[in-house]
Amino acid sequence: MWRSCRRLFYARPPQTPWLCLTPPVGGPSLSLPGTARTYTPPTERKRFYQNVSISQGEGGFEINLDNRKLKTPQAKLFTVPSEALAIAVATEWDSQQDTIKSYTMHLTTLCNTVLDNPSQRNKDQLIRAAVKFLETDTVCYRVEEPAGLVELQKNEWDPMIEWAEKRYNVEIGSSTSIMGPNIPARTKDTFTSHLASYNMWALQGIEYVITQLKSLILSMGLIDRHIPVEKAVQLSRLEEEYQIQRWGNVEWAHDYDLYELRARTAAGTLFAHLCSESSTVKHKLLQD
């Protein structure tokens with residue numbers, strides 16, 4: 001229990017920003033102590049455009065909402081380096097119905113974060129924040145009881161650690177100590193060098209996935225296409241799912257959290273892939 005609390009407390013680096021299109025003026029909120037729990041739905045705005053298209057400019061690919069260029073929250077021109085990423089973002093905007101639900105547009109949000117860089121972090125800071133997750137990685141923390149959960153963690157998490165150790169030629173291990181495993185400096189250096197091979201755009205996507213799963217190991221398994229999104233999310237929620245099977249769950253809340261986590265994880269993974277691969281999209285695809 002204390003290991004889980006410690007991992008959740010330290011999992012998000014202090015300087016990691018929430019990825020929002022606009023300041024979070026809405027969303028879940030709690031009432032004052034002693035009063036009933038309340039909920040405020042996220043702020044939405046009416047859809048103000050009819051058509052969405054992309055065009056190529058001097059700085060990359062742009063998104064057009066009717067005859068207007070899409071801008072970031074800081075009023076910068078919304079420009080992405082990949083045509084495939086531009087198509088994916090345009091699809092997010094085109095799929096909005098009568099109202100624009102910005103909290104569902106994860107790719108747009110990630111692009112805004114890269115372009116505006118509200119926390120003013122450079123590449124080295126992004127990499128350090130990502131590697132720091134090794135110290136509290138979900139799959140490295142083990143329980144000593146109950147026996148059922150011990151066996152489940154061994155069967156499900158050990159193969160991921162073994163894969164990562166073999167894939168990157170490092171030592172990781174696991175621990176039942178509240179202090180977590182002792183990660184060798186060489187292991188951290190190896191992951192630091194590997195992450196440095198990605199550009200700033202891809203790194204934002206990778207770190208976003210890591211913050212969702214609370215695991216560098218699971219995230220790299222996704223980025224390397226070793227496991228699918230559903231499996232990565234399932235492994236990141238192993239203890240929670242075990243408790244739910246034993247004690248039950250809040251009917252709607254569990255499913256909502258699960259689907260939201262899958263959506264965010266999938267978006268971050270797709271974002272990293274589209275930003276780290278050079279892909280050519282035939283213009284015919286834009287007409288279909």
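Figure 1. Cysteine 140 is buried, because its relative accessible area is 0%, below the 20% limit for a buried residue. This close-up, like those that follow, shows a predicted model. Cysteine 275 is buried as well, with a relative accessible area of 7%. The cysteine sulfur closest to that of cysteine 275 belongs to cysteine 111. These two sulfur atoms lie 6.4 Å apart, which is too far for a bond, since a disulfide requires sulfur atoms within 2.5 Å. A disulfide is a covalent bond between the sulfur atoms of two cysteines. The structure holds zero disulfides.

**Figure 2. The crossing of helix H4 and helix H6.** Helix H4 spans residues 123-132 and helix H6 spans residues 185-195. Their axes come within 10 Å and cross at roughly 135°. The two helices, H4 and H6, are therefore oblique to each other. The crossing in which H4 passes H6 is right-handed. On the side of H4, the contact involves Ile127, Ala130 and Val131; on the side of H6, it involves Lys188, Phe191, Thr192 and Leu195. Sorted by class, the residues of this contact are five nonpolar, one polar and one charged.

**Figure 3. Arginine 128 in helix H4.** Arginine 128 is located in helix H4. Is arginine 128 buried or exposed? Its relative accessibility is 52%, so arginine 128 counts as exposed, the limit for this class being over 50%. In sequence, arginine 128 and phenylalanine 191 are 63 residues apart. In space, the distance between their C-alpha atoms is 9.8 Å.

**Figure 4. The crossing of helix H5 and helix H9.** Helix H5 comprises residues 147-168, and helix H9 comprises residues 229-236. The axes of H5 and H9 come within 10 Å and cross at roughly 120°. H5 and H9 are therefore oblique to each other. H5 passes H9 in a crossing that is left-handed. Which residues meet where H5 and H9 are in contact? From H5 they are Glu156, Trp157 and Met160, and from H9 they are Lys231, Gln234 and Leu235. Three of the residues in this contact are nonpolar, one is polar and two are charged.

**Figure 5. The crossing of helix H7 and helix H8.** Helix H7 runs over residues 200-213 and helix H8 over residues 216-223. At this crossing the axes come within 8 Å, and the angle is roughly 130°. H7 and H8 are therefore oblique to each other. H7 passes H8 in a right-handed crossing. H7 contributes Ile206, Val209, Ile210 and Leu213 to the contact, while H8 contributes Leu216, Leu218, Ser219, Met220, Leu222 and Ile223. The contact of H7 with H8 consists of nine nonpolar residues, one polar residue and no charged residues.

**Figure 6. The chain around the close-up views.** The protein chain contains 11 helices and eight strands. Of its 288 residues, 46% count as buried. Contacts between residues at least 6 apart in sequence were also examined by separation. Among these contacts, 65% join residues at least 24 apart.

Definitions and conventions:
Residues are numbered from 1 along each chain as its sequence is written. This is a predicted model: local features need pLDDT of at least 70, side-chain atom pairs count only at pLDDT 80 or more; totals for chains, interfaces and linings use all residues. Side-chain values use heavy atoms; hydrogens and water are left out. Axes are lines fitted to C-alpha atoms, for helices over the stretch in contact, and angles run from 0 to 180 degrees between N-to-C directions. Helices (H or I, at least four residues) and strands (E, at least two) are DSSP runs, numbered from the N terminus. Angles under 35 degrees count as roughly parallel, over 145 as roughly antiparallel, 65 to 115 as roughly perpendicular and the rest as oblique. A crossing is left-handed if the near helix is turned anticlockwise from the far one by less than a right angle, and right-handed if clockwise. Contact means heavy atoms within 4.5 Å. Ala, Val, Leu, Ile, Met, Phe, Trp, Tyr, Cys and Pro count as nonpolar, Asp, Glu, Lys and Arg as charged, and the others, Gly among them, as polar. Buried means under 20% relative accessible area, exposed over 50%, partly exposed in between (1.4 Å probe, protein chains only).
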